[in-house]
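Hello,

Here is the structure I promised to pass on. Have a look at it first, and then read my notes below.

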Amino acid sequence: MIDAMSSLLIVSGLAFYLAGSIGLLRLPDLYSRLHALTKADNLGLGLLTAGLALHAQDLFVTLKLVLIWLAVLAASAASAHLIAQHARRREKQS
Amino acid sequence: MLTAQWLYAMTGCLIVALGLRTALLHAVLLHRLIGVNVMGAGVFLMLIAVAYRGPGVAPDPVPHALVLTGIVVAVSATALVLALARRLTGEQDNG
Amino acid sequence: MSELLTVSALGLMLSLFLGLLRVVRGPSTGDRMLATQLIGTAGVGLLLLLSLLLKQTALIDVALILALLAAVAAAAFTGQQRETGDD
Amino acid sequence: MNTTAVHVLDILLIISLLSLAAAALLTSDARRSVILFMAFGLVLAVAWGRLHAPDVALAEAAIGAGLSGALLLAALREQPRRALSGDAKPVRERERERTSIDVTLQLTVTLLCVAVAALLVWALAEAFDRGPQDTLAQAVSETLAASGVSNPVTAILLNFRAYDTLLELAVLLTAVLGILALGPARPGYQAAGPVFDSLVRWLVPVLILTAGYLLWVGAHAPGGAFQAGATLAAAAVVLRLAGHRTAGLPAGQTLHLVIAAGVGMFLLVGLSLLVLGRPFLGYPPAWAGGLILLIESAAMLAIAATLVLAFLGGRPQPAAGLSGEKRQC
Amino acid sequence: MADTLIWLVAIPLAGSIATLLLPRQATALVYVAAVATTAVAGTLLYGVGSQGPVSYEIGGWTAGLGIALRADGLSALLLMMSTLVVLAGSVYASAYFSKAAERARFWPLWLLLWTSLNALLLSGDLFNLYVTLELLGLSAVALASLGGTLAAVQAALRYLLVGLLGSMMFLAGVSLIYAGYGTLDLATLARAVEAGPVAWTALALMTAGLLLKTALFPLHFWLPPAHASAPAPVSAVLSALVVKAAFYLVLRLWLDTFADLVTPAAANLLGILGAGAILWGSWRALRTERLKLLAAYSTVAQLGYLFLFFPVLQALPPGPARDAALGGLVILALTHGFAKAGLFLAIGIIQQRSGHDRIRELDGTAQRLPASTFAIALAGVALIGLPPSGAFLGKWQLLAGSFASGQWLWILVTMAGSLLAAAYMFRVLGHAFGHQPYPQRPVTVAREEWPALILTSLAVAGLGLAGAPIWGLLEGST
């Protein structure tokens, strides 16, 4: 049961990852890429860590997995914000 | 002989050559610095591949320790290069 | 289960690989940074899968450091962007 | 784990490594090169993990993929784009005049590099034919019990080959003294916006906690002073990026005490043992674990301070400065 | 006795930290460290002379698992030379750097450089040698950039990048050795090594890296600007000791560890590069307008002589003739160390007093700074190789060895090099002794002039007389 749950989570995480990277390649401009990517890889890693957490032997490992997810979430939120802000400033200038 | 060991070691050789070429040929300081760093990464890859003993077998820890020392030495040298370069551009701006 | 993990690792590797194309292609620095972030996230996922596959629990720590330092690198990049105002 | 799948994974990793290295080295734009080099470091960390080298992977994740990139980016921030990427037009015209010489030179150097690669492959082929050279690895695992720690890499770095690590800390000290002698730090960053601040508020404590964890875990699992020091340095780098001028570093002689702490503690322990009639750095087995942790704690602080100073690019300026926060455009 | 080895590394390193933490007492601390190290180096030299080679296993771990320090006649002699040069340089520097802030930056790095020199000469482990090479390179660059001028920083930067490239190549060689033989200990390796791709490639890579660091022609391009733009005491140590440390390693690897692999063709290649260095370096020294550049080009040339010994040693069968040639090589290296250090120190005084080092405008220096001019003249005697200098003995052995092995080319090159050296040194002295009235005092700035005088006198008189004991010490090493 746990195995099935975990497999489902991992596979759906993978799907988001792939969707994100294909979006990054195919979408026309920085903005749309930004939006596609931040959603996709955050969700992808979130599902993946959730899937792996089901296998974790102890609480400490689970904690680390959660921390990893949070770190990636925060990094991408902050950088996406700043990249977008920066790009907007450039657009205004030109 | 293990296929993985062989593959990664050969990659290390190629990366050494790539880094060496840039370090020797490129006119721009920053690129030469990155070239030396990439060359170092190639050497490290060779060492770690040599240490690999296959799945389920503990690798040789000695090259791991050597590479750790190498990484720290490389980052110190990189830092000094960048500080000198910064001083250089500062001087040129003033003079 | 192991097969599934292996296939997932391959899928993540593929995702990393696609990010690679964007890093090399650009065109703007923002694009490259975004793609580097994808490579980082995929690398984190890959390390987590490898830690199960190779039975190396320490790789979870590696993934943690990679995730934290990716945040620092993103901060360094945007901090620099803030200052110079070009790309 | 299915072998074919692993080979596919290996080959994809290798192609990524090679193409990132080539792309980072062949581009003429400095900033592009730095970002590609950071991506190269990221993939390399995964490769170390794949090759069962978690200690190295930790260091690469912290230093190679993180701090080296931050260092290079900080250097780029300050230098005008032209100076670093070197594609101003007059230079290009001058280069056209010597194209024929350049082509010969490029060809010679390229051939030389191909020769180096071929020699390396040839030599490694012989080395692998001889089979794995395990005498030293065996000696390490047989003596591990007497080393005071159970992680073999830490045992080598801080006990069997501790002298290497002592000199390596001296290398770090030399680099930081060289940097300090060159002048004051770069001007600080502007205070950041709210999004960045919320990032800082939780990232810094998490990084500090993680550094402590890595230091402690190094005795029996991958980790140790270098990885911990780099993580601690990352915390200070984030502080600096958020506008803190000194990035948490002390001033004056206290700063000197911190950067010399690693070598100093190492030497103190080594010489005390020598005076007590033991070999230099020959820890008594019962004390080895404690002494190693003591040295590693000092080393962690020194490494962190050194990396932060490298990021600052010089001695941090006291806050009362007049023009420190001036924007550089 | 074996403890001396670790003290030789520990004292300067501890001194460096002490000067960093106590900048006010720094000069006194440096004197204490320098005198203590000299005493220990003397003890080691005496011990090696009376009891033969010594070794010390750090941490008590057997060499291989751990790292061993080793000293034989060759390393003990070079160590003594470098100790005396650094001691003289320390006395000189305490007066040369007049501002306290300058000294506070200088002393810790100076002692770190000394640490790395001693550690390199004593190390018995390949990877440890890589770390000492990096320590040597970084501390040398940091010191060379202390001049602070644009030229100094630019030269230091190039020096650093070349040095890094050299160490990376060395490290690649070390990695191959570990892959093939599973050891890093030099003594173990010397027993295990056999001809084949691993050993050949490793030796080629390590040698290439070291030749870059020792600035053998045509890889010398970085040396003249770096040595000429550094502060005088730093130039002295860079030219006298730092390049020689890399040369020492080449010598160790070729004559000791990998002795069985070296073919006549390889040795001849080094000889030809050495000959190129002698002719090119001497010619550039003759043509240059600045005294410091002259001294730096002369270093390129003098290193060439040391490499001429490789084909000679390779051709001579083991026996008294080969031992004599090896002794000649060591004496030449020591003489050059003392003479070149003294020369740079003397030039530094002239540069400080007259504000420039243009050779054409040196007229009257002999009257104003007679002691420094005398030191330059003594250095000239040693660089040309006139009797009774040690260089005379060294070159004599080089000629005798070339004669015995029928390698006439080296004889011609040595003669031509000596003539060129005479020409460039007399050009300087001709200007320095140009007409100006009345000397006032023979020695004008004692703390700066005595070190230069003593070093050059050692090169001319001391080593000329110390020939026999040196040969005695070298017996049994390499």
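A term to begin with: a residue is called buried at under 20% relative accessible area, exposed at over 50% and partly exposed in between, using a 1.4 Å probe and protein chains only. Please keep in mind that this is a predicted model, in which local features need pLDDT of at least 70 and side-chain atom pairs count only at pLDDT 80 or more, while totals for chains, interfaces and linings use all residues. Residues are numbered from 1 along each chain as its sequence is written, chains are lettered from A and ligands numbered from 1 in the order in which they are written, and side-chain values use heavy atoms, with hydrogens and water left out.

Chain E and its rings

E:F97 is buried, at a relative accessible area of 7%, and E:Y96 is buried too, at 13%. The search over all chains of the whole structure gives 19 aromatic pairs. Here rings of Phe, Tyr and Trp (its six-membered ring) pair if their centres lie within 6.5 Å, and planes under 30 degrees apart count as stacked, over 60 as edge-to-face and the rest as tilted. E:Y96 and E:F97 make an edge-to-face pair, with 5.2 Å between centres and 85 degrees between planes. Both belong to one aromatic cluster together with E:Y92, E:F106, E:W107 and E:W110.

Another edge-to-face pair is E:F247 with E:F310, at 6.0 Å centre to centre and 80 degrees between the planes. E:F247 sits in helix α10 (residues 232–257) of chain E and E:F310 in helix α12 (residues 291–315) of chain E, so the pair ties together parts 63 residues apart in sequence. Helices are DSSP runs (H or I, at least four residues), numbered from the N terminus. E:F247 is buried at 3% relative accessibility, as is E:F310 at 4%.

Where chain D meets chain B

Taking contact as heavy atoms within 4.5 Å, 81 residues of chain D touch 66 residues of chain B. The two chains bury about 6,400 Å² between them, 80% of it on carbon and sulfur atoms; buried area is the accessible area (1.4 Å probe) that two parts lose on being put together, summed over both. D:L25, D:L51 and D:F128 supply 12% of the area that chain D buries against chain B, more than any other three residues.

How many salt bridges cross the interface of chain D and chain B? The rule (a side-chain nitrogen of Lys or Arg within 4 Å of a carboxyl oxygen of Asp or Glu) finds one. B:R53 and D:D134 meet in a salt bridge, at 2.8 Å from N to O.

Best wishes

Definitions and conventions:
Helices (H or I, at least four residues) and strands (E, at least two) are DSSP runs, numbered from the N terminus.
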